[in-house]
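User: I would like to go through this entry term by term. For each label, please set the value against the cut-off behind it.

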Amino acid sequence: MVSEPILQVTDLTMDFGGLRALDHLNLEINQGEIVALIGPNGAGKTTFFNCLTGIYPPTKGEMLIRPVDKKSRRLNGLKPNYVTEAGLARTFQNIRLFQNMTVLENVMIGRHCRTSAGIVGAIAKNRSQRKEEARIVEDSYAVLEKIGLAGFVNEFAKNLPYGAQRRLEIARAMATEPFLLLLDEPAAGMNPLETRELDELIVRIRDQEGITILLIEHDMKLVMSLSDRIYVVDYGKKIAQGTPDEIRNNPAVIKAYLGEEADA
Amino acid sequence: MFVYEEIKKSFLVSIWFMFLTFPIMVIRVNTVENIVEWRWERMILVGAGSFFLSFIWRYFIKRKETGQKEAEQGEADAVSWNRRLAREPRFYIPALVGVCLFVAAFPFMFSLYQTNIMITALIYVITGLGLNIVVGLAGLLDLGYVAFYAVGAYSYALLNYHFGLGFWVVLPIGAGLGLIFGILLGFPVLRLRGDYLAIVTLGFGEIIRLILENWNEFSFGPSGIANIPRPGLFGIEMSLQEATIYLYYLMIFLSLATIFVVRRLQDSRIGRAWIALREDEVACQAMGIDKTRTKLSAFAMGATWAGMAGVVFAAKTTFINPASFTLWESIIILCVVVLGGMGSVLGVICGALILILLPEYLRVFSEYRLLVFGAVLVTMMVFRPGGIISQVRRTYQFKGNTGKQATSDVVSSG
């Protein structure tokens with residue numbers, strides 16, 4: 001049985017003034033996949049994430065999600081917080097943690113959209129309120145344990161080593177209970193050991209939590225070993241898609257990365 | 001060789017100062033007798049004074065730097081006195097009891113004048129705590145905060161003048177109007193941040209003041225509104241003294257209520273969202289926090305307290321006019337928050353007490369009062385840039401290795 005894709009992007013186009021950052025991009029992701037989005041610098045990968053998560057309103061195109069067992073929904077025009085609520089969580093290329101909050105608090109922020117306490121509740125602090133707060137702490141701690149950051153619980157986010165900060169971004173995104181996790185260059189700046197740990201972590205998130213993953217990455221070794229399918233974009237256009245093996249031997253991809261041959 | 005180096009530097013400073021102040025401090029032309037007076041003894045005074053001050057300054061800077069180094073090396077065993085005070089019951093319980101007794105006995109120990117000053121300081125405690133939500137927690141620089149204060153004060157004055165409504169009826173109305181105005185200001189500035197936001201709020205504050213000043217039919221213009229009744233107590237007639245003492249206790253109660261609410265807000269889901277908004281707006285939204293609602297709620301909550309404090313202010317002075325609500329007031333309240341320690345409840349209280357009481361008690365310095373006040377502010381910011389009492393973050397304790405019995409235990413939050 002062929003299930004429907006959980007994310008379907010059709011003809012996504014994004015113009016910044018006269019610059020076309022994304023040009024009729026089509027993309028589909030199925031439940032349980034790890035999909036990589038690669039391309040040279042400035043190809044429009046992060047712009048794609050920003051459109052998807054509602055930070056930029058796309059000029060044209062359709063973005064549709066179909067979470068398993070839930071109604072399908074258009075993402076166009078949704079504000080970032082509603083996109084997150086709908087089940088897409090992301091990390092950022094340049095780490096954007098809440099520096100002056102503790103590790104646990106960072107993750108607790110992720111629980112925000114799944115909880116409901118308001119101002120009146122915060123002041124009255126009745127029983128259900130206290131219960132919810134305790135639950136937030138508990139759930140957040142559980143996420144930290146899964147990601148392997150439990151040892152840093154009360155540490156300020158800014159005091160964490162670089163690799164741990166990257167993982168905390170993932171933990172924070174996980175706390176929002178996404179069905180699709182968008183990772184923007186999660187291995188950037190990591191050493192080989194940290195990259196290997198990240199590789200394992202991403203596979204574990206997919207296998208144990210059942211979260212589908214779309215990642216942007218420049219580390220080709222990681223991309224090739226990790227992903228089930230790869231999309232390649234250049235100048236906002238999709239130039240190739242397929243399994244890692246197909247991509248490795250695709251002449252268009254080689255051209256985009258290494259430039260055209262002189263005699264061509 | 002700390003001492004030798006420092007003495008040398010301080011010596012150079014004093015030479016430099018003697019040279020700089022030579023023309024104004026030493027030479028004086030006596031135009032009556034047409035002679036030049038040389039007042040060398042003054043030069044010695046300047047030299048000795050600047051040497052002394054410079055040395056002291058260097059000494060404290062040095063101490064601060066070594067303190068920071070030690071803190072960075074993790075030798076945090078020598079926790080600062082205020083943290084220790086907050087952590088160990090055998091310290092803070094007697095301290096708390098002492099403070100409570102002092103606060104309760106204050107109006108009977110001191111004169112009416114002192115009590116009045118204290119009431120003013122308490123008004124600033126409330127407005128400071130309100131602004132602390134906006135500036136300290138949510139990180140939105142608001143320079144027009146006094147506008148909400150004015151809204152509160154005028155709502156009491158006008159509602160009393162036209163409809164004869166009493167203090168207790170208007171107190172919630174004033175707070176409510178503050179809230180509404182907070183949301184009204186919040187909407188247009190939702191997209192703004194930092195400097196831009198500061199300028200827009202500054203404009204808003206001036207708009208409110210100018211309306212009050214020029215719309216004579218509505219607000220009686222610059223002549224203001226007089227004869228505003230003081231807060232009543234079941235219609236009992238009170239002398240000025242009794243009324244002041246009553247107002248004092250009322251303010252203590254309102255301050256405690258404010259502290260209670262602000263503390264709870266700070267430690268709640270909403271409070272966390274505010275702090276996250278301050279830290280990173282984009283990430284905050286991407287984590288599912290509604291930016292619009294969070295910002296508006298911060299503005300509204302801050303404005304509510306200002307509105308309430310405004311009502312009390314009108315009741316205390318019994319006369320208000322637009323001159324009480326200038327930009328200067330906004331700046332003082334902002335100073336209270338920054339000087340006290342952004343985001344820290346205890347810090348804001350200390351800040352308010354220092355900033356309001358200090359100028360009063362500096363009256364012995366007569367015309368040098370504001371000079372000394374300025375010097376104190378500068379020194380404070382140099383030596384404690386995080387405020388008098390910087391925010392102590394809430395830490396969560398986990399009992400056992402699993403998160404199952406995780407309890408959120410507030411160890412200390414300043």
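User: How many bridges join strand E1 (residues 7-16) of chain A to E2(A), and do the two run parallel or antiparallel?

Analyst: E1(A) and E2(A) are joined by 7 bridges and run antiparallel. Two strands count as paired if DSSP finds at least two bridges between them, so 7 bridges meet that condition. Within this part of chain A, A:Leu7 stands opposite A:Ile29 in E2(A). The model is predicted: local features need pLDDT of at least 70 and side-chain atom pairs count only at pLDDT 80 or more, whereas totals for chains, interfaces and linings use all residues. Residues are numbered from 1 along each chain as its sequence is written, and chains are lettered from A and ligands numbered from 1 in the order in which they are written.

User: What makes E2 and E5 of chain A edge strands?

Analyst: The open sheet has 4 strands in the order E2-E1-E4-E5 (chain A), with antiparallel pairing. Strand E2 (19-29) and strand E5 (73-74) of chain A each have a single partner strand, so one side of each has no neighbour in the sheet. That is why they are placed at the edges. Helix H1 (residues 45-52) of chain A lies across E1, E2 and strand E4 (60-65) of chain A, at about 70° to E2(A). Such angles run from 0 to 180 degrees between N-to-C directions, with axes as lines fitted to C-alpha atoms, for helices over the stretch in contact.

User: Which strands form the sheet with mixed pairing, and where are its edges?

Analyst: The order of its 6 strands is E6-E7-E8-E3-E9-E10 (chain A), and the sheet is open. Its edge strands are strand E6 (88-90) and E10 of chain A, each pairing on one side only. From one strand to the next the twist averages 20°. Inside this sheet, strand E7 (residues 180-184) and strand E8 (residues 212-216) of chain A pair in the parallel sense over 5 bridges, with A:Leu183 opposite A:Leu215 in E8(A). Helix H10 (residues 251-258) of chain A packs on the sheet and touches E9 and E10 of chain A, its direction making about 130° with that of E10(A).

User: Why is chain A called as compact as a globular protein of its length?

Analyst: Chain A has 10 helices and 10 strands, counted as DSSP runs numbered from the N terminus (helices H or I, at least four residues; strands E, at least two). Its radius of gyration is 19 Å, close to the 18 Å that the globule rule gives for 264 residues, so the label applies. The radius is taken over C-alpha atoms, and the rule is 2.2 Å times the number of residues to the power 0.38. Along the principal axes, the C-alpha atoms of chain A fill a box of roughly 75 × 45 × 40 Å. Buried residues make up 44% of the 264 residues.

User: How many residues of chain B are in contact with chain A, and which element gives the most?

Analyst: Contact requires C-beta atoms, placed from the backbone, within 7 Å; 30 residues of chain B meet this with 38 residues of chain A. Helix H10 (240-266), helix H11 (269-279), helix H12 (281-286) and helix H13 (291-317) of chain B give two or more residues each. H11(B) gives the most, with 7 residues. Chain B as a whole has 16 helices and 2 strands, and 38% of its 414 residues count as buried.

How values were computed. Contact = placed C-beta atoms within 7 Å. Buried ≥ 20, exposed ≤ 12 C-beta atoms within 10 Å, placed from the backbone.
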